[in-house]
Amino acid sequence: MNYEQRNTAPLYEMLELYKEKGNTSYHVPGHKNGRAYSDAYGAGFLSEVMRADVTEITGTDDLHHPEGVIRDAQELAANCFGSEESYFMVGGSTAGNLALILTVCLKPGMTLILQRNVHKSVIHGLMLGGVNAVFLEPLLDPDSGIAVAPAAETVQAALAAHPDAAGVLITMPNYYGMGMDLAPLAEACHSCGVPLLVDEAHGAHYGLHPALPAGALMCGADGVVQSTHKMLPALTMGAMLHIQGPRLDRALLRQRLAMVQSSSPSYPVMASLDLARRLVHSQGPEAFTAGLAAVDTLRRGLAELPRYGLLQPAPPLQHSGGGRAAAANLDSPPQSEVAYVTQDPFKVVIYDATGVLSGFELQRRLEERGCVPEMSDERHVVLAFSLGSREEDAIRLLGALRDMDTVESMESYVHHPNEINISTWNNYKNNIISTPIPFSMKPVAAGDKEYIKLEDSEGRISAEMVVPYPPGIPLLYPGERITNDICSRLSALASVGAKFQAAADPLLMNIVVYKIKRGGEV
């Protein structure tokens with residue numbers, strides 16, 4: 001595909017032409033190209049967006065049966081991101097995760113192998129599909145205490161134990177930008193004839209620059225979900241689903257996408273996907289130059305601020321013929337067991353190496369200085385840069401960090417090891433491979449549940465989903481037993497002001513559990 005083709009944006013260009021024509025609208029939406037808002041009730045910055053907020057009329061094509069500009073835009077996306085087919089989504093990665101699960105698990109009772117620390121949309125997909133989930137324990141990075149993904153050996157063992165599994169679903173990279181080589185996982189899946197599905201919501205930019213890790217498609221994944229709005233410049237809710245290989249029923253997948261997405265998709269959101277693709281497709285690696293330069297400025301500045309630690313993978317093991325270097329690695333884990341080997345340069349994860357400030361407090365103080373991070377946990381703060389970041393962003397952040405550091409001298413710093421990590425990303429049961437766990441849409445009857453104090457919930461069965469947000473990893477789902485570890489982590493998160501979705505009590509003083517019936521049965 002030549003430069004002229006890559007530099008087109010057929011869907012966006014169609015909307016520009018629509019605006020120029022000035023046709024009178026006798027169709028939805030009701031704002032009539034924004035004219036419904038008089039001067040007294042102006043739409044402000046939305047007015048320009050509304051002029052391009054159209055529906056499926058002659059010439060605008062149809063997302064659920066694309067034959068024109070949407071088809072052309074999706075084909076360009078496939079060429080850009082290296083897939084055989086790409087689909088635009090207006091419901092974020094959530095829509096893609098749901099569609100993939102409902103495609104591979106095409107009837108209730110089928111088995112899907114996946115890591116436990118998945119996004120809530122994946123748990124919802126298990127419920128919608130009536131799936132039997134086999135959860136895998138992810139590898140844990142010992143330095144940060146953060147979970148990444150299961151080892152290839154664990155995936156192989158799970159596939160051997162469950163030959164009826166419909167597929168394997170992995171999240172890569174995690175919210176912190178940590179990742180590992182997915183190729184061995186893809187090989188394990190394909191040797192058993194099942195697809196590898198990857199929630200790559202935070203990796204839409206992967207593989208587009210030599211400084212970025214390889215993307216899941218490059219590693220052999222069959223279905224990959226990307227939030228184009230997260231790390232590439234699309235509007236919020238804009239996402240893509242990329243497919244390759246023979247292991248997914250594409251006709252069924254298109255039908256599932258139509259089920260979980262609106263029949264009236266947003267044209268501005270779709271056009272932003274087209275524009276984001278055009279930007280990286282036409283500029284190539286050059287599109288990331290300014291953003292990577294900003295990150296480099298930040299990292300060099302952090303090197304002069306020893307109070308702030310920086311999350312990064314350990315250097316690769318040396319496999320020399322012996323001697324001192326080899327001896328130094330005797331206590332290191334085998335390379336196959338290393339939790340992560342790649343770090344997204346655009347995800348700058350810092351922490352207070354003195355242990356004085358928690359991640360939550362560090363985020364609060366940065367926000368007071370006009371620097372708004374992506375998220376924090378008990379220890380870390382995640383700062384998301386992108387191709388839209390500039391050097392002045394790094395300089396402002398460094399200024400805020402220096403300002404926070406002026407009250408203490410460097411000589412007073414004492415490193416406090418991270419004895420407990422309550423990252424909202426972590427969720428695993430110290431159980432390498434779980435027994436199949438059935439999910440369903442059946443609600444919990446009012447008479448079967450009760451509210452109790454969180455501190456009294458150990459050993460009880462949760463009757464609600466509890467989701468710290470961000471990043472949206474359920475720590476509990478209905479039917480899951482509340483362990484001492486989970487109870488302690490929820491209490492600790494609540495005490496530092498973490499926010500929770502789905503829980504009946506947003507402050508998490510109380511929790512909804514199944515009643516205990518006579519005989520001790522739930």
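**Questions about a predicted chain**

Colleague: What share of the residues in the chain is buried?

Modeller: Buried residues make up 53% of the 522 residues in the chain. Buried means under 20% relative accessible area, exposed means over 50%, and partly exposed lies in between, with a 1.4 Å probe and protein chains only. This is a predicted model, in which local features need pLDDT of at least 70, side-chain atom pairs count only at pLDDT 80 or more, and totals for chains, interfaces and linings use all residues. Residues are numbered from 1 along each chain as its sequence is written, and side-chain values use heavy atoms, with hydrogens and water left out.

Colleague: Why is Leu 100 called buried?

Modeller: Leu 100 has a relative accessible area of 1%. The limit for buried is under 20%, and therefore Leu 100 is called buried. Leu 100 lies in helix α5 (residues 92-104). A helix here is a DSSP run of H or I with at least four residues, a strand is a run of E with at least two, and both are numbered from the N terminus.

Colleague: What does Leu 100 touch, not counting residues up to four places away in sequence?

Modeller: Leu 100 touches Leu 197, Gly 223, Val 225, Leu 241, Ile 243, Leu 248 and Leu 253. Contact means heavy atoms within 4.5 Å.

Colleague: How do you know that the span of helix α4 agrees with its number of residues?

Modeller: The expected span is 1.5 Å times one less than the number of residues. For the 13 residues of α4 (residues 69-81) this gives 18 Å, and the end C-alpha atoms are 18 Å apart, so the values agree. Among the buried residues of α4 are Val 69, Ile 70, Ala 73 and Phe 81. What covers the buried residues of α4 includes α1 (3-6), α2 (10-21) and β1 (85-89). Just after α4, Gly 82 takes a positive phi of about 80°.

Colleague: What makes β4 and β6 a pair?

Modeller: Two strands pair if DSSP finds at least two bridges between them. Strand β4 (residues 168-171) and β6 have four bridges, in the parallel sense, and therefore they count as a pair. Val 168 stands opposite Leu 196 in β6. Three bridges join β6 to β7, which run parallel, and Leu 197 stands opposite Gly 223 in β7. From β6 (residues 196-199), Leu 196 and Val 198 point one way and Leu 197 and Asp 199 the other way, and all are buried.

Colleague: Why are β9 and β12 called edge strands?

Modeller: The open sheet has four strands in the order β9-β11-β13-β12, with antiparallel pairing. Strands β9 (308-310) and β12 (375-376) each pair on one side only, and therefore they are the edge strands. Inside the sheet, five bridges join β11 (residues 347-352) to β13 (residues 380-384). Val 348 stands opposite Leu 383 in β13.

Colleague: What makes a set of residues a nonpolar core?

Modeller: A nonpolar core is a set of buried Ala, Val, Leu, Ile, Met, Phe, Trp, Tyr and Cys residues joined through side-chain atoms within 4.5 Å. The largest nonpolar core has 56 residues, and those with the most contacts inside it are Phe 288 and Phe 385. Helix α11 (residues 267-283) gives the most to this core, with seven residues. A second, separate core of 40 residues includes Leu 185, Ala 188, Val 194 and Ala 339. In soluble globular proteins, nonpolar side chains tend to be buried together.
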